[in-house]
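Have a look at the picture, then read on.

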Amino acid sequence: MSDNKLADAKAAVQGAVQGVMMKAIAVAPDSWIPGGVPDPLIVHQHGHVGRSLSRIDGPLKVRGAAPFAAEFPMDGMVYAAVLFSTIARGRIATIDAQAAEAAEGVALVMTYKNAPRMKPMPGFGSNAKAAGGASLPVMQDPEIHWNGQPIAVVLAETQEQADHATSLIDVTYEVAPSVTSFAEAKGVGVEPGLFMGSPLKIEIGDAEAALAAAPHRIDAVYETPYHTHNPIELHAATVAWQGDTLRIHDASQAVAHMAWSMGHMFGIGEDQVHVTSPFVGGGFGSKTLWQHQVLAAAAAKLVGRPVRIMLSREGVYRVVGGRSLTEQRVAIGAGADGVFAAIVHTGISATTRSNAFPEPFILPTMSVYGAGSFKLEVDIAYVDMLANTFMRAPGEAVGTFALECAIDELAHQIGMDPIEIRHRNEPDKDPVKGLPHSQLDIAKAYAQGAEAFGWNKRKAVPGSRREGEWLIGMGVATGTYPYHRMPGGAARMTLTRDGHATIEIAAHEMGMGTATAHTQVTADRLGLGLDQVTFRYGDSLMPGVVLAGGSQQTASIGASIIAAHALLVTELLQLAGNDSPLAGLKPDEVGGRDGGLCKLDEPERFESYASILSRAQRNEISVLGEAAKPLELQHWSMHSHGAMFCEVKVSTVTGETRVSRFLGSFDCGRILNPKTAMSQFRGGIIMGLGLALTEETLLDTRSGRIMNPSLSDYHVPVHMDVPEIDVIWTDIPDPHTPMGARGIGEIGITGVGAAVANAVFNATGKRIRSLPITLDKLL
Amino acid sequence: MAITINGTAYSPPQDARVSLLDLLRERLGLSGTKKGCDQGACGACTVLVDGERILSCLTLAVQVDGRAVTTIEGLSEDGALHPLQQAFIVHDGFQCGYCTPGQICSAIGMAAEVRRGVPSVVTADLGADAPVLSDDELRERMSGNLCRCGAYNGIIDAIRETYATEAAE
Amino acid sequence: MTPFTFARAGDTAEALRQGERAGTKYLGGGTNLVDLMREQIEAPTALVDVTGLSSGIEETGGGGLLIGAATRNTAVAEHRLIRTRYPLLARAILAGASGQIRNMATVAGNMLQRTRCAYFYDEAARCNKRAPGVGCDAIDGFNRMHAILGASPACVATHPSDMCVALAAIGATVHLQGAGGARTLPFTDLHRLPEGRPDIETLLEPGELITGVELPALPFAVRSTYRKVRDRSSYAFALVSVAAAVDLAEDGTVREARLALGGVAHKPWRAFRAEAALIGAQPSENAFRAAAEAALEGAAPLADNAFKIELAKRTITAVLAELTGVSA
């Protein structure tokens, strides 16, 4: 190829997003792909990255001084309370708000009759910046779509007055037929599920035939229930119209999406919506756009005053969707050597007609193991309920439960160690896409984990270890979560003459330690001290469309900062000119050290930022970097893995299960900050313990109403449920990601359900295929 | 009468419906105390009343008329952190930070209970004068404070270290 | 919450005067009442704070204890005489709720707390407790937590208290004060079974105030305990709980036993039949299992809670075995 043609081809690859070009991206030379040239920070071993730094916002948080969405005072503010429907389907026949309107302190009662006209909520996937949990109109008509739908909002001078007034509203309904049970919904008929626009269906070879012919077979159905995220911070917003601008203090993991979506609904530009969210009290997928922010903004517009809305805990269950239930068949056929001839992973999940999110439980099965044949499919059944959504590791959290239990069942049948059977089926390339792995060291994670956990003490025969009334067992499972990076990352980097760098990006802090880790990264990239870097985020006016979801925020920020840094260095070299020790160097030949730039392989060729800027008579330089398109995702198979080890005690008297030990051994690329990473892993594992043992959102099949909308009746793990959790990692960098890191927010929860269930089997000989593993199932 | 909050006297609210939590957050600007359920199921609203840990969401403000309330804002006078606050930072006893003030106030109240010999349901010997503060004792006693981020290990580490330091003094 | 007035009673007489007015409720720690008011399930027009009255624990002449109605749950559980003489009561209280709630809740308030049935809490559901005669959505709904003993077609809710299970086993006496003067009630008679009127939960007269609870001398309660089985290891209501005390004669046989169950009925459930079955028995797993069978005689499960019958039997058997040193 001539240089021109080569440049054209490279440009074509880098411009490609879909279709036939996917193939071109897959076969393109590494160097054309983001991450093709490893991030120089990966080899930078003596900086801030990789050190256990305490959270820089820690002092604020322990003093209760970090402000959350409902904690921004506004002059003249009124409080909102919401009334919810008590039927699943139908329409409001009458709604009488006179008594409420007349109640003390009430400023406004808003119903569909007087709400301002708005476009329907843009559901996720309908636009790159759509942030809505469902694509329904919000209080625009008398139609009821689910039991618990908001039907009125009261604004009053105090929360007490607003809450009381909602009880004075009289509503009657015309009830329409509804489908509120999963069984009935399946009977009505199922449809193929789509995920990000593609069918959740993969067939490679004839898996059913291979299964039938296999000497060893497991074929079982696994069930997982509805789940609710339950961050401790209630969903809240403080909202005001300031002229034509809508100001929202939100609890959001998607500020830029939020600004666009609200602008879309109210018919104003996204730049007229200013969303900030400096601290989010936990999200896990739930802190996106739901009706409460829209209702607050609409009511604020009507009343002409700022509004604070904080949903009650019941309100969160009625308004903010959770994880849907699944019914999964996993069938694996294998030879006596344990090698998989066939993997069948099919099943059904419930969803609604107003959102596009079938729980994609086959995702882990698409990458973790090789097999002679595959048949993978997610079908959907429609239930008249609150729209479901993504919750920590959608797909993988519950998909690994079914897959990894089935593998444990197969290993038991063959009489093979559960770790060994997994080794024998480790794929040498992506089993579905055929792409090479960017980095895969799960075998090392297993070896280290088994050693640290004492796996060799496990007794292969179930029920053979007992202490008093307690049976003791060990289980293992593989966790997995992909590396993601979504388009839209961008960051502004500003360097001042005093050698201080400020990053601005519309990213989020929900507890991941975002500002801390990226202060470390930026400091290393620029060769600055931690106190010479300010990381600003959580503001829709800042650059970037960065979802804190899909464990992709770190990669998105990292790639944005890489882009900004490249521009900054280019400009610095231009400013440095011919009188600098750096004269004649190209941007990729220099790096940061000690408050300035140096030649990478000749560090004594150095000039400080202060010196460069002073000579150029500049107080600061500021650049806006836009992250390269995430082509790496179509060039490599990029996945993190975890080897999850669990020990349980099961009471022979009561059937109670207690997790006595847990160890997660992770292969997740480079760990940027061990202290905050440890917390991320543990947090995921603990949510996984809840998934395994206690958590279930109860949807009454008669009414479609959630019957345990509280933290007393929905059991998240408490202190007493959680032992000391050990976490180790390979710390092997992924050569093709920013910083060599892969996101770690979600992988912790994956594989945990199966590790617990497999340990319960090892303890008792009872195979529980339906979550949660409550004591009645073990009596 | 007055409610003393972090050393300052305030009049009780006219509206008897106002909870201590909403008095703090919405009327006095003391938003360090958090609302996570408003129904006594999460512990995020824990404050100290006359040194005892209670839930401010289920306490009517008028009920504490004449009593002394300490909130998270009252722990770090003149900017110096309470040793337990410092330990929470060192041991990463939080992620999002929302349940944190409640965890810290609860742990301080708990330590006082232990000092005066209050047993827990996992205390083997109910007749003992001073409970042995094992990790299970700490976990049981702190189980009224939920942390959905799952910072439980760090929280227990922070409390253990602070308590051990105190016991040694 | 519906607006209400608030007053603090300076003494019992003042409380009773204020309590006579319709729509008035006595307020203890508020851990249940304030929640129910916020949910609009309770809507008193006046609250009388009675926490300033009758708190404290005194020895009675005969070796028993009189606990003031306003004594906080923590104060009861930490009291040396409770811990040493009535370990089942200390353990029951400590198994309930959380440290914070135990610091707030009073003894009388604990007794008068209302069911946690989800259909009772949900305004959209039918509930005969909230609106007598409308029907019960729990009977054919989620009823994993519900009653297996003493329920009626009108109500299958359970009483959520742990403390009360121990009081039932101890055979406490409730002291009451009303417009007509003072009276006492056996604790096991305080709470009603639902029958046709689940909205009437106790034998208290309107305006009547609990002033205390008296624990009789029960020397053998030093050999007693409380075991609670629940869906997570702390801070959850009981699926089944067992309070038990056993008195062994010199020959090793059971001279007397006390047994009560929680989480199984509309009231704390004293298992009189099982107690009778134990008298004279040589401690053994078989004897305890037989007593457990007697305790659960007549149990009627709903769709989701049949497991409670076996769970209760096993838990009773294990608790009695633990108290008598029989290896399971």
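The domain bounds used here come from an automatic or database domain assignment. Keep in mind, too, that this is a predicted model.

**Domains in chain A and chain C**

Let's start with chain A. Its assignment gives domain 1 (69-177 + 234-319), domain 2 (395-402 + 412-484 + 634-778) and domain 3 (487-629). Between domain 1 of chain A and domain 2 of chain A, the contact takes 10 residues from domain 1 and 11 residues from domain 2.

Chain C is assigned domain 1 (5-51) and domain 2 (54-328). Their contact draws on 17 residues of domain 1 of chain C and 19 residues of domain 2 of chain C. On the domain 1 side, Thr31(C), Asn32(C) and Ile41(C) lose the most area to domain 2 of chain C, and together they make up 33% of what that side buries.

| Domain pair | Distance between C-alpha centres | Area buried between them | Share on carbon and sulfur atoms |
|---|---|---|---|
| Domain 1 and domain 2 of chain A | 37 Å | about 870 Å² | 54% |
| Domain 1 and domain 2 of chain C | 25 Å | about 1,400 Å² | 64% |

**Where chain B meets chain A**

Next comes a contact between chains. This one takes 51 residues from chain B and 59 residues from chain A. Chain B and chain A bury about 4,400 Å² between them, with 56% of it on carbon and sulfur atoms. In chain B, the residues that lose the most area to chain A are Gln95(B), Arg148(B) and Asn153(B), together 20% of what that side buries.

**A covered strand in chain A**

Now zoom in on strand E20 (residues 470-482) of chain A. How many of its 13 residues are buried? The count is 13 of 13, so take "buried" here as under 20% relative accessible area. In a regular strand the side chains alternate between the two faces of the sheet. In E20(A) both faces are covered: Trp470(A), Ile472(A) and Met474(A) are among the buried residues on one side, while Leu471(A), Ala477(A) and Tyr481(A) are among those on the other.

E20(A) has two partners to look at. One is strand E19 (residues 466-467) of chain A, which pairs with E20(A) in the antiparallel sense over two bridges. There, Arg466(A) stands opposite Leu471(A). E19(A) and E20(A) form a hairpin with two residues between them, and Gly468(A) in the turn has a positive phi of about 60°. The other partner is strand E28 (residues 639-651) of chain A, which is antiparallel to E20(A) and paired over 13 bridges. In that pairing, Ile472(A) has Lys649(A) of E28(A) as its bridge partner.

**A sheet and some helices in chain C**

Over in chain C, four strands make an open sheet in the order E9-E10-E11-E12, with antiparallel pairing. Which strands sit at the edges? They are strand E9 (224-230) and strand E12 (269-270) of chain C, each pairing on one side only. Strand E10 (residues 238-248) of chain C and strand E11 (residues 254-262) of chain C are joined by eight bridges. In that pair, Leu248(C) stands opposite Val254(C). Helix H5 (residues 87-95) of chain C lies across E9 and E10 of chain C, and runs at about 25° to E9(C).

Then there is helix H13 (residues 307-324) of chain C. Is H13(C) largely enclosed or largely open, and why? 15 of its 18 residues are buried, so H13(C) is largely enclosed by the rest of the structure. Just after H13(C), Gly325(C) takes a positive phi of about 75°.

Last stop: Ala277(C), which lies in helix H11 (residues 272-278) of chain C. Ala277(C) has a relative accessible area of 44%, which makes it partly exposed. Setting aside its neighbours within four places in sequence, Ala277(C) is in contact with Ala291(C) and Ala294(C). Gly178(C) is 99 residues from Ala277(C) along the chain, and their C-alpha atoms are separated by 38 Å.

Terms used: Residues numbered from 1 in each chain as written. Chains lettered and ligands numbered in written order. Predicted model: local features only at pLDDT ≥ 70, side-chain atom pairs only at ≥ 80, totals over all residues. Heavy atoms only, no water. Pairing = 2+ DSSP bridges. Contact = heavy atoms within 4.5 Å. Axes fitted to C-alpha atoms, helices over the stretch in contact; angles between N-to-C directions. Buried < 20%, exposed > 50% of the residue type's maximum accessible area, 1.4 Å probe, protein only. Buried area = accessible area lost by both parts, 1.4 Å probe.
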